Amino acid sequence: MRLAGFFALAAGVIALPVLFPNNYFVIVVGIAAGLHVILAVGLNLLMGYAGQISLGHAAFFGIGAYASAILTTRYAWPALLALAAGLVVAGVIAWLLARPILRLRGHYLAMATLGFGVIAHVIMVQATHWTGGPDGLTGIPPLNFLGWSVNNDLHGYGVVAAAMLLAIWLSLNIVDSRVGRALRALRGSEFAAQMLGIDTSRAKTQVFVASALFAAFAGSLFAHQQGFVSPDSFNLTVSVELVTMVVLGGLASTYGAACGAIALTLLHQGLVVFEDYEMLIHGALLMAVMIFLPQGLFVGLSQAARWAWRTARGMTP
Amino acid sequence: MPEQLLQFLVTGITVGSLYALVGLGFAIIYNASDVVNFAQGEFVMLGAMMAIALLSAGFPLPLAALLATLLTVLVGLLLERFAIEPAAGAPVVTTIIITIGAAILLRGVALLLWGKDFHPMPAFSGDAPIHLLGGSTLLPQSLWVMGVTVLLVALVRVFFNRTLLGKALLACSFNRSAAQLVGINVRVMLRLAYGLSAGLGALAGILIAPITFSSYEAGIMLGLKGFSAAIVGGIGNPMGAVAGGLLLGVLEALGAGLISSGYKDAIAFLFVLMVLFFEPTGLFGHKAAERV
Amino acid sequence: MKDNQWKIILAAALLMIASLAGAVEPIKVGSFLSVTGPASFLGDPELRTLQMAVDGINAKGGIKGRPLELIHYDTGGNAREALNFVKRLIQNDKVDIIVGGTTSGDSLAVIPEVEKAGIPFISLAGAVDIVEPVKKWVFKVAHTDRMAAAKIFEDLRKRGLTKVALITGDGGFDKSGREQLLKLAPTSGITFVADESYGNKDTDMTPQLTKIRSSDAQAIINFGFGQAPAIVTKNIKQLGINLPLYQSHGVASKTFIDLAGAAAEGVRLPAAALVVAEQLPDSDPQKPVLLAYRNQYEAKYGPVSTFGGHAYDGLMIAVAAMERADGADKAKVRDEIEKTRGFIGTAGVFNMSPTDHMGLNLDAFKMVEIHHGVWKIVE
């Protein structure tokens, strides 16, 4: 019954394009939202469960995307192989970084991850020979599963939706596993966790790598889906947005992170019509949600729903 | 080569002074409230934009600078009262997002008030460069930046070490409930910290605007560099933030001049990472044990 | 009597339905511009121009009686947003034509989508790659960075300068300009003795310029837009470097002169004739077009820039093509845009063809110099 929410979500994801065929807000925005969900769910493992902040997560997103872009356009690798290579590269980098970076705490960790993100972005802009520079790389082929090519947005929606569900399912399982329990102990108090015999540094490394893999996976999908990559999809603003999604939705909840990712994606699409007022409204909304629902949208709203349900039941005996 | 080096140092110290002032603002707020205020860069932008607007409305420079600083202090107080106080007790990341929201909001307001253009501001005492040894030059405005920074840093130091108010503020940073017990009004102290940071930020903005111009987005980059300065120096240590800022500025200038101008930001941040790997609480941070 | 009343009401109702159903259905012009972000310098006047020009056309009765409707989104200079908004324009708003794409990055990113959807797209950005090789549905109206490079080299040769220092930012416009300069240099007899770079949000470029000062350069080229070129210009004066400075067409707006102040004196750059319209001889066919646009824009918004001019050219070429195609049929409009000949725009005279989807030649650029705070044509 633990997975009831999961199946409800899966049903919704499948029903949407059937109910609203060829709808931009379902298909195109849905792809963007789906990718954001994968990223946010992965980051939530690190932030929500292990209590470690990362302000450089867009770098792993970018590593996945650029691995796919460079290997397919310059070396003609098949897309799936490039995706796998992206995962390996991001995983290795995360593993190498994990030990020194995760020794840091709080704001020092935030700074170190931010610095890593900035360095990765500078390389994307400056190493023109490999990355195509500020305008990026174009002509990335779509994903191809044994001849079935993901060459239109509906196919793209299907693939991203499946990937998103996979990411959520994985996240739910990691949280429930032995590692997950160790992580939650770690978030409460690292010292106490150590006393309980948990190898905290090992657990942190594992979750950092896992979270980087989620991001690189989303990056590869992103590159093959839109056919080009450029550094501005992976800058500090994106890293900050990802953190915002996780916190906005509700830390330490897989559905919360997903909820935050979808909310922020929709918010952006909705606010664009306000033109010059967009920024003002965006900032005010962000502040309001965090001040009035400090536990995040998902927790806040589900509490409200529970309260409404209880009062409604109370009124009709 | 030596004369080039001198020029790099002049540039580095000018830019570093600004990072130091912004970093100082981060440190003061962090000390008082454990919050990293990501709207610190926006204080810098507001100070500059308001000073420019007042100048073009005909105010003389000293008055425009004073009014712009006071108005920015007011914004800092409002931010504390209406965004930070209601969220008291919220997790650290929540307050981070609140200040990020505030930064976006302030940028949005500036965009509506002053548009998207860059705005110039006349230098305080002319543009004629001062010639130093071997062809190196220095702008009078750079002297202003360095001089005012030294003055402000000294004042902040005296404030924290010599005045009762400053000591009370410092007490809050060590132990808030203990401070409350000895009769310090923590709430007032918090507002004081935000006002002080906002004022310092605004002054930094007014000092730099003649060199770099200003626009509604000008705070983003300075905020980022100021945060780095505060971290490198050991967050919560005001003088550490100043040292961190100067170090970062000089390093950027040397990186751009001697190694590679394209990769200079990467060089600066690589340095920051190296510092943290070897000194996980910054160069001058407290090595205090974490509470269990 | 009662019968007649019914007939009148019925007729009126039918007329209304008919008018709603298509007789005055607007032609939808889609646009995606970088109105905020690093390229707002360019995108903002473009948007204002489009709004102004669309209002003007509608006041005159639209195209064959159909009014224009402008639908635009702000990309913030982010190519990923550009692609999503172009999909929104095509799939959700169902626009008939797209005029937009402030930056080359934005424009290049949407080309595959535009080609797939088969919708005419007139880009306002600079990079040569947008129309080379020629793409069926893609056109552009802004001068290319290659033209700017050629024009600068032409002027350098006239002055007998061959050793040049280059300093560029880290944006797409900067990098693409740098690439064209380096590519054209060998055949133009120019050698680059320094090649420095800076971040577009940097506040001080003196370290890079100090290195240039100690090189044996005879002139400096700075390729970029926004505030950075103004800082470079001021830093050059500050360091006491007395070399001729060339900027790109990216700073051809009054803002640059305001920002750089006295340091801007003597700076040369290739620019569209728009900024020097009143200095053109009366015989120049471009003059009335330029003055008309400029006066209209300045009456409403303040100093004109060449970027707004690109939006004007793009929209007017589209409008002319729709007039000739007698409607907004995408394929017909595309063919008509390709047949644009002798169209006098703000950027120059356009002569498009199946092999040239831009149609401007080097004459479209004027070499201008800043003299006492205003642009002067260099003879």
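How many salt bridges does the rule find across the interface of chain B and chain A? The analysis rests on a predicted model, in which local features need pLDDT of at least 70 and side-chain atom pairs count only at pLDDT 80 or more, whereas totals for chains, interfaces and linings use all residues. Residues are numbered from 1 along each chain as its sequence is written, chains are lettered from A in the order in which they are written, and side-chain values use heavy atoms, with hydrogens and water left out.

Across the interface of chain B and chain A, 1 salt bridge is found, the criterion being a side-chain nitrogen of Lys or Arg within 4 Å of a carboxyl oxygen of Asp or Glu. Lys116(B) is paired in a salt bridge with Asp276(A), and their closest N and O atoms lie 3.2 Å apart. Helix 3 (61–84), helix 4, helix 9 (219–232) and helix 11 (264–278) of chain B each contribute at least two residues to the side of chain B that touches chain A; helices (H or I, at least four residues) and strands (E, at least two) are DSSP runs, numbered from the N terminus. The most is given by helix 4 of chain B, with 16 residues. By residue class, this side of chain B comprises 35 nonpolar, 9 polar and 5 charged residues (Ala, Val, Leu, Ile, Met, Phe, Trp, Tyr, Cys and Pro count as nonpolar, Asp, Glu, Lys and Arg as charged, and the others, Gly among them, as polar).

The contact (heavy atoms within 4.5 Å) involves 49 residues from chain B and 41 residues from chain A. About 3800 Å² is buried between the two chains, with carbon and sulfur atoms giving 83%; this area is the accessible area (1.4 Å probe) that two parts lose on being put together, summed over both.

Helix 4 of chain B (residues 92–114) has 23 residues and spans 33 Å from its first C-alpha to its last, close to the 33 Å expected at 1.5 Å a residue, where the expected span is 1.5 Å times one less than the number of residues. Of its 23 residues, 17 are buried, so helix 4 of chain B is largely enclosed by the rest of the structure; buried means under 20% relative accessible area, exposed over 50%, and partly exposed in between (1.4 Å probe, protein chains only). Just after this helix, Gly115(B) adopts a positive phi of about 75°.

In chain C, the peptide bond from Glu132(C) to Pro133(C) is cis, with omega near 0°.
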